[in-house]
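Work through the exercises below with the sequence and the model at hand. Each task is followed by its solution.

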Amino acid sequence: MLNPLINYFERYLPLNEEEKVIVKEAFRELRVKRKHFILQKGDICKYHTFLFEGCFRMYMIDEKGKEHNLQFAIENWWITDIGSFYSEEPSRLYIEAMENSTVLQLKKEDQTRLFDDNLQFNKIFRILTEKALVSAHHRILDNISSTVGDRYLDFLKRYPHFFNRISNVQIASYLG
């Protein structure tokens, strides 16, 4: 079950056998049914979640009851409320399975131990964080400088694998 995660890490930096054992000890497997949550508003996000199989969305609900999708995630993607995870404050977000899914989760304490005990994981997660920040900047710039139609075409081009798995209503919510 952990081989896809190990392969994922090795796309960034090679892992030795000891590091692979550390991964196997640090992550736990969780099966999540469609429409079930791994995070709800008011909870403290305790895990970085890697998708082995399935599809999730992260969203908030505004004061008028309207849902706003912030992120989708499928196999070999990560999903977490990073703000709640690091601040240990209650989340404003929901993370919901859109399909029956299997995930691998890493607790904050285990992540800290990974970082402290092994430089490779510190480097890998830094690279992942940098990539996420670049993606967030891209999305912000598109939202303030592109039309909805242009954002839709860009989404289609960047994420063609989502279109058979996510409804147009969900995509529209993501694009604003």
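**Exercise 1.** In which helix does L141 lie?

Solution. L141 belongs to helix 5, residues 119-145; helices are DSSP runs of H or I with at least four residues, strands are runs of E with at least two, and both are numbered from the N terminus. The model is predicted: local features need pLDDT of at least 70, side-chain atom pairs count only at pLDDT 80 or more, and totals for chains, interfaces and linings use all residues. Residues are numbered from 1 along each chain as its sequence is written, and side-chain values use heavy atoms, with hydrogens and water left out.

**Exercise 2.** Describe the lining of the largest pocket.

Solution. Start with the term: on a 1 Å grid over the protein atoms alone, a pocket is an open set of points where a 1.4 Å probe fits, with protein on both sides within 12 Å along at least five of seven lines, and lining residues have an atom within 4 Å of a point.

Next, count: 38 residues line the largest pocket, and Q71, W78, A132, L133 and S135 lie nearest its centre. Then assign elements: helix 5 gives the most, 13 residues, while strand 5 (67-74) and helix 6 (148-158) are among those that each supply at least two.

**Exercise 3.** Which residues lie nearest the centre of the second largest pocket?

Solution. They are F37, I38, L39, Y47 and Q105, out of 15 lining residues. Strand 1 (27-32), strand 2 (37-39) and strand 3 (47-53) are the elements that give two or more residues to this lining.
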